[in-house]
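Hi,

Here is the structure for you to look over. My notes follow below it.

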Amino acid sequence: MNDIFEKIHAIGILPVIALDDAAQAVPLAKALAAGGIPAAEVTFRTAAGEEAIRRIAQEVPEVLVGAGTVLTTEQVDLAVNAGAKFIVSPGTNAKVVYHCQKLGVQPIPGAITPTEIETAMELGLDVLKFFPAEPSGGLGMIKALTAPYTQIKFIPTGGISTANMGEYLKHPKILACGGSWMVKKDLMNAGKFEEIRALAAEAAAIVKSVREGK
């Protein structure tokens, strides 16, 4: 694994964050790090995404920050210039992947079918997003897909929570789990960053328990 994937695997959780206000980015990133999850996938679903990435990259450098819901090469440029270390997409777009590779930033496209997986493999990729995870068959589907595609590892996102993340993480083909349950908009908008820290700590404890085999 490369350095980015080693870090994501070590953390075990990749929070998926949609911010309406970039001013929330720094206290949010600090809360996640304090809870034991120094990582953030800031989505481009909102206009604040680019600035939020920039603020986290500059002010909370201990947090591994990437961009999510990246659909175009133009968004790749914005994210990379803001400081994103990895680029996540819901699907596999060869143009976006090639552009990431050209810039030297790690792409993590989504794939949930054999054809999409083989497309990603042709692009030289072996770590993929599995989205939406639960609606697409969840862990059972991942087990079925990784039987023939033994080199592929997934970051499942969508329907993941503290209730099921442990089972996902036990599977050797799961690099980490993505989710937004610890970074809900109502908590961020209310400034309840201590609650976010506590939720992050709860998730980090599950990762540790699974990894230590307890």
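Ser89 is in contact (heavy atoms within 4.5 Å) with Val70, Val96, Ile108, Pro109, Gly110 and Lys129, leaving aside its neighbours within four places in sequence. This is a predicted model: local features need pLDDT of at least 70, side-chain atom pairs count only at pLDDT 80 or more, and totals for chains, interfaces and linings use all residues. Residues are numbered from 1 along each chain as its sequence is written, and side-chain values use heavy atoms, without hydrogens and water.

Ser89 sits in the loop between β4 (86-88) and α5 (94-103). Helices (H or I, at least four residues) and strands (E, at least two) are DSSP runs, numbered from the N terminus. Ser89 has a relative accessible area of 8%. It is therefore buried (under 20% relative accessible area, 1.4 Å probe, protein chains only).

Ser89 also lines the largest cavity, as do Ile87, Gly91, Asn93, Val96, Val97, Cys100, Pro107, Ile108 and Pro109. A cavity is a set of points on a 1 Å grid over the protein atoms alone where a 1.4 Å probe fits but cannot get out; lining residues have an atom within 4 Å of a point. α5 gives the largest share of the lining, three residues.

Best wishes

Definitions and conventions
Buried means under 20% relative accessible area, exposed over 50%, partly exposed in between (1.4 Å probe, protein chains only). On a 1 Å grid over the protein atoms alone, a cavity is a set of points where a 1.4 Å probe fits but cannot get out, and a pocket is an open set with protein on both sides within 12 Å along at least five of seven lines; lining residues have an atom within 4 Å of a point.
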